[in-house]
Amino acid sequence: MKACIFDLDGTLTDTLDSMVYSVNLTLQEMGLTEISRDQCRRFVGNGARKLIEDALNAAGDKGATRIEEGMQVYGRVFGENCTYHVAPYAGIPEALEELKDRGIRLAVLSNKPHQQTLDVVETFFGKELFDYVQGQMDGIPRKPDPAGIHYILKNMQIPESECLYVGDSEVDIVTGRAAGVKSVGVEWGFRDRKTLESAGAEHIITTPDQLLQFVS
């Protein structure tokens, strides 16, 4: 393996508090009821628009008729709070440094909006650790479409056969399989092992240091 691409939310960083906080501030501003932490956990993974759509439905706006308003409010609120209570998972910084020391090129591919993806990565990992950071932006379909993985690998000039993709959700497993790369599911994120297995995960790890077995 020459490259390792990571999902962000639930894989590298525990960002659930930031999303629960921002979604509920959005709903409050719109005069709607809050959602629970468990609801938000289930809603994340498919990008900001799907998160807000599901949150609006759960908060009483059936059919998410106010989605455009919700996206406008959430974009502002989340932009101000995307690092709220965020922290890397235990063992992640050490695993990333070891991968880097072994000559593995590192990248991030997230369905989080691009600017907030950059904000989180640079706040907690600096600007030098990752070779490429890609959040959701116009022109590149969001996961589970494999276009993001292909885009990153093209920019890094690395073939799919030499790439490992790491994520915590069924979306990530489907993305990796569609891209033709070896994918690894992680148990410490927003989904459980059964969900990852049902999505077709061939490899599941319980601690970040277990990543090293795939690149040695």
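Visitor: Hi! Where is threonine 26?
Guide: Threonine 26 lies in helix α1, residues 16-29. Helices (H or I, at least four residues) and strands (E, at least two) are DSSP runs, numbered from the N terminus. This is a predicted model, where local features need pLDDT of at least 70, side-chain atom pairs count only at pLDDT 80 or more, and totals for chains, interfaces and linings use all residues. Residues are numbered from 1 along each chain as its sequence is written, and side-chain values use heavy atoms, leaving out hydrogens and water.

Visitor: Okay, is threonine 26 buried or exposed?
Guide: Threonine 26 is buried, at 1% relative accessible area. Buried means under 20%, exposed over 50%, and partly exposed in between (1.4 Å probe, protein chains only).

Visitor: What does threonine 26 touch?
Guide: Beyond neighbours within four places in sequence, threonine 26 contacts Gly70, Val73, Tyr74 and Val77. Contact means heavy atoms within 4.5 Å.

Visitor: New topic: where's isoleucine 5?
Guide: Isoleucine 5 sits in strand β1, residues 3-6, and is buried with a relative accessible area of 0%.

Visitor: Which residue stands opposite isoleucine 5?
Guide: Tyrosine 165 in β6 does. β1 and β6 run parallel, joined by 4 bridges; two strands pair if DSSP finds at least two bridges between them.

Visitor: And why is β6 largely enclosed?
Guide: Because 5 of the 5 residues of β6 (residues 163-167) are buried. Cys163, Tyr165 and Gly167 lie on one side, with Leu164 and Val166 on the other.
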